[in-house]
Amino acid sequence: MAFQFSVDSLDLSSDRSGFECGVAPLDRYFRTQVSQDIKRRVTACFVATDALGQIAGYYTLASASVLLADLPETLAKKLPRYPSVPAVRMGRLAVDQSFKGEGLGAALLADALRRAVTAEIAAYAFVVDAKDEAAASFYAHHGFIALPDQPLFLFIPLATVKDLIK
């Protein structure tokens with residue numbers, strides 16, 4: 001069955017109690033903590049809803065930085081010699097179990113990358129902290145690069161994303 005979704009900022013009055021992705025920390029965060037983080041301006045949350053308004057998935061974005069020394073030398077040598085470079089961090093990405101297998105995770109990632117590339121505030125990279133090797137494999141499949149000493153920390157230069165969008 002093919003679903004159609006719209007992706008917008010989370011309305012804090014939305015009922016999140018039924019959301020269940022199967023990963024307890026992601027479910028708990030979305031149900032109980034995300035609204036506090038939004039109010040404190042430490043994250044932004046975007047949700048995919050189906051035609052009936054049911055929340056099918058979500059992701060969060062926040063500003064971050066990456067130490068220049070942690071980047072692969074081939075990329076770092078092309079950047080200014082600041083101690084760190086600005087980045088956008090996807091803190092969480094989850095799809096409700098009833099919508100799994102529809103490609104929604106990839107669609108949410110694409111939406112997040114588009115938002116990061118078109119933002120008026122500059123950032124060099126889009127970064128994620130994968131929760132496990134399966135998640136790292138998902139991001140690697142979409143062009144993300146793992147740091148050599150931190151295989152669950154992955155990034156993609158936003159210039160690469162911008163070239164892909166063109």
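**Strands side by side, helices crossing**

Guide: Leu67 stands opposite Ser84, a residue of strand 4. Please keep in mind that this is a predicted model, and let us begin with the pairing to which these residues lead us. Strand 4, which covers residues 84–95, pairs with strand 3 in the antiparallel sense, and 11 bridges link the two. Strand 3, which spans residues 55–67, also pairs in the antiparallel sense with strand 2, residues 44–49, over 6 bridges. Strand 2 and strand 3 form a hairpin, with 5 residues between them, and in its turn Gly53 has a positive phi of about 85°.

Now turn to the helices. Helix 3, made of residues 104–118, and helix 5, made of residues 158–165, have axes that come within 10 Å and cross at roughly 105°. Because angles of 65 to 115 degrees count as roughly perpendicular, helix 3 is described as roughly perpendicular to helix 5. On the side of helix 3, the contact is made by Leu113, Arg114, Ala116 and Val117, while helix 5 contributes Leu158, Val161, Lys162 and Ile165. Sorted by kind, the residues of this contact between helix 3 and helix 5 comprise 6 nonpolar, no polar and 2 charged.

Terms used:
Residues numbered from 1 in each chain as written. Predicted model: local features only at pLDDT ≥ 70, side-chain atom pairs only at ≥ 80, totals over all residues. Heavy atoms only, no water. Pairing = 2+ DSSP bridges. Helix = DSSP H or I, 4+ residues; strand = E, 2+ residues; numbered from the N terminus. Axes fitted to C-alpha atoms, helices over the stretch in contact; angles between N-to-C directions. Parallel < 35°, antiparallel > 145°, perpendicular 65-115°, else oblique. Contact = heavy atoms within 4.5 Å. Nonpolar A, V, L, I, M, F, W, Y, C, P; charged D, E, K, R; others polar.
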